[in-house]
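Here are some notes to read alongside the structure, taken one point at a time. Please keep the view open while you go through them.

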Amino acid sequence: MERIRSRDWYTTADGSDRGYIRPTLLKELWFHTGTACNLSCDFCLEGSGPGDQRLELLKLEDVSPFIDQALDLGVQQFSFTGGEPFLAKDLIRILQLASQHAPCLVLTNGTDALQKRLHQLVPLLQSRYPVSFRVSIDSHIEAEHDAGRGEGMFDLALKGMKALHEMGFQVSVARHMAANEDSAVVERQYRDLLVRRGIPSETKFVAFPDFLPPGSHGHGPDITTHCMTHYHTEDTRNSFMCAFSKMVVKQNGRMRIYACTLVDDDPEYDMGDNLRQALEQQVSMKHHRCFSCFKYGSSCSET
């Protein structure tokens, strides 16, 4: 049963019915491995940094029950984000379990935390389903990337990405999306960079607009039910992440399910601890990050 939430969950500031997404299935289950990170980037949408515990590091026993629940619901992929997932000591064991049942995707900054554990990844090459990695390269210009992540991080991330590719893993790139950019030109510049670094030019890109840090009260235009039916179709509504995915986090010692990867800083998006029940709850478009999905079609997914 859907729990009672605030008025803002259901209506906009002017009293209009707020837009929402009704989940249709579970294609992808995300696990947030914790907000601890070896880097401290001021633009981080999770507010991650060294030792951060807003969301706690996951252990194998935390994850196993949700893998079982997801398999019962027909999940097609398991994905892992942070923080930096390679700071979770149990990450390799978790991937060994998950990749016996579905393809896995791991988001990483590609730097020291990953590179110190590359040797541990070798057994995953024999998994029943593939494990792939998405490396954050904020800009194809070294100075712009390092301005946000620290001096030398551009080169280190590309070295980590190349190492994964040479081991035989599929890799992709997470990049920033600038306002009014010419995406074709930007991606051509990225591809030129990758080729120079020995990484395939056909590497997939996932672009993200700027998101405010956790707990921010940024606000785009309110999204009403009229907006969701006038500017979107049933097919495009079903492409929103919250229509086909959920994210599991460890928060205050408890395992919780959130509506998607972008809203774990708002407890109203806590859908409980049962995946089947979480899928029965419609998702309000009230979070300030929802407008990015509405406008840009932003998605963390590669499914």
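1. In this predicted model, eight strands make up an open sheet whose order is 7-6-5-4-3-2-8-9, and the pairing within it is mixed. As a reminder, strands of a sheet pair through backbone hydrogen bonds, and they may do so in either a parallel or an antiparallel way.

2. Which strands stand at the edges of the sheet? They are strand 7 (204-208) and strand 9 (254-258), and because each has a single partner strand, one side of each is left without a neighbour in the sheet.

3. Within the sheet, strand 3 (residues 77-81) and strand 4 (residues 104-108) run parallel and are joined by three bridges. F80 has V106 of strand 4 as its bridge partner, and when residues up to four places away in sequence are not counted, the residues that F80 touches include W30, F31, I94, L95 and L107.

4. Helix 3 (residues 91-98) lies across strand 3, strand 4 and strand 5 (131-136), and runs at about 165° to strand 3, while helix 7 (residues 183-196) lies across strand 6 (171-176) and strand 7, running at about 130° to strand 6.

5. The largest nonpolar core has 85 residues, and F80 is listed among those with the most contacts inside it, together with L29, F31, F78, F86, L121 and L164. Helix 6 (residues 153-167) supplies the largest share of this core, namely six residues. Another core, of six residues, lies apart from the largest one, and C37, L39, M153 and L156 are among its members.

Technical notes. Residues are numbered from 1 along each chain as its sequence is written. This is a predicted model: local features need pLDDT of at least 70, side-chain atom pairs count only at pLDDT 80 or more; totals for chains, interfaces and linings use all residues. Side-chain values use heavy atoms; hydrogens and water are left out. A nonpolar core is a set of buried Ala, Val, Leu, Ile, Met, Phe, Trp, Tyr and Cys residues joined through side-chain atoms within 4.5 Å. Buried means under 20% relative accessible area, exposed over 50%, partly exposed in between (1.4 Å probe, protein chains only). Helices (H or I, at least four residues) and strands (E, at least two) are DSSP runs, numbered from the N terminus. Contact means heavy atoms within 4.5 Å. Two strands pair if DSSP finds at least two bridges between them. Axes are lines fitted to C-alpha atoms, for helices over the stretch in contact, and angles run from 0 to 180 degrees between N-to-C directions.
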